[in-house]
Amino acid sequence: ETCSIVSLKDELRSGIVDVAFLLADQAAVKGFQTEVLRIEPLVLISNPGHHLTTKNKIQIKDINGETIILPKHDCGYKMVFEKMLAEQNIKTASNMEFNSVEAVKQCVMKGIGISIIPQLSVRNEIKTGKLAELALSDEILETCVLMIWHKNKWLSPSLTEFMNCTRKVISLI
């Protein structure tokens with residue numbers, strides 16, 4: 001389970017939340033309907049002036065000694081990345097976690113460290129040159145964008161329309 005789904009299950013069960021969206025690899029959550037809206041690539045990002053941007057492709061071992069900045073709430077893909085680093089025996093200078101993806105992006109832009117993050121979250125910053133994408137040579141990292149709701153919940157027409165609009169918008173991105 002990802003960290004976010006623990007609290008989401010309670011909120012969905014109690015009716016505080018009607019539908020939730022989550023970045024995670026696990027699509028099956030007992031007692032809930034879960035729909036994969038898309039597979040989202042994860043990208044390794046840095047400040048455009050970072051020394052790793054001079055390499056066409058980087059290996060995981062190139063991350064050795066780097067400061068890693070990650071979003072705390074999207075720990076599903078964070079755990080996969082940390083496992084990959086551990087398997088390769090990569091020692092980072094430090095690990096920082098923030099509750100906000102925007103805080104992660106700002107730290108990386110300022111050159112404090114590097115991050116792995118859904119491409120959707122940094123597409124504009126990469127396009128405008130505020131962030132650089134570091135191309136990993138061997139690893140293809142991705143996560144699912146999930147839509148989750150309680151399987152026994154009645155879906156109002158407005159909620160159903162919202163869910164349908166979300167499906168359409170996500171498919172266009």
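Ile 173 is found in the segment after α5 (157–172), where helices (H or I, at least four residues) and strands (E, at least two) are DSSP runs numbered from the N terminus. The model is a predicted one, in which local features need pLDDT of at least 70 and side-chain atom pairs count only at pLDDT 80 or more, while totals for chains, interfaces and linings use all residues. Residues are numbered from 1 along each chain as its sequence is written, and side-chain values use heavy atoms, with hydrogens and water left out.

With a relative accessible area of 37%, Ile 173 is partly exposed, a class lying between buried (under 20% relative accessible area) and exposed (over 50%), computed with a 1.4 Å probe and protein chains only. Together with Leu 120 and Val 169, Ile 173 forms a nonpolar patch on the surface, with about 230 Å² of accessible area in total. Accessible areas come from the Shrake-Rupley method with a 1.4 Å probe, and for residues only the protein chains shown count as cover. Patches are made of residues with over 30% relative accessible area and no salt bridge, like charges being joined within 9 Å and nonpolar side chains (Val, Leu, Ile, Met, Phe, Trp, Tyr) within 5 Å; a salt bridge is a side-chain nitrogen of Lys or Arg within 4 Å of a carboxyl oxygen of Asp or Glu.

From the surface the description turns to the strands, where two strands pair if DSSP finds at least two bridges between them. Strand β2 (residues 32–46) runs antiparallel to β7 and is joined to it by nine bridges, with Val 36 having Leu 146 as its bridge partner in β7. β2 also pairs in the antiparallel sense with strand β5 (residues 115–118) over four bridges, and here Leu 44 stands opposite Ile 116. Three bridges join β2 to the antiparallel strand β6 (residues 132–134), Ser 46 being partnered there by Ala 132.

Strand β7 (residues 142–150) contains Thr 143, which is buried, with a relative accessible area of 1%. Not counting residues up to four places away in sequence, Thr 143 touches residues including Leu 23, Arg 38, Glu 40 and Tyr 77, contact meaning heavy atoms within 4.5 Å.

Leu 44 is among the residues with the most contacts inside the largest nonpolar core, which has 38 residues; such a core is a set of buried Ala, Val, Leu, Ile, Met, Phe, Trp, Tyr and Cys residues joined through side-chain atoms within 4.5 Å. Elements that each supply at least two residues of this core include β2, β5, β7 and α5. Apart from it lies another core, of eleven residues, among them Ala 24 and Leu 146.
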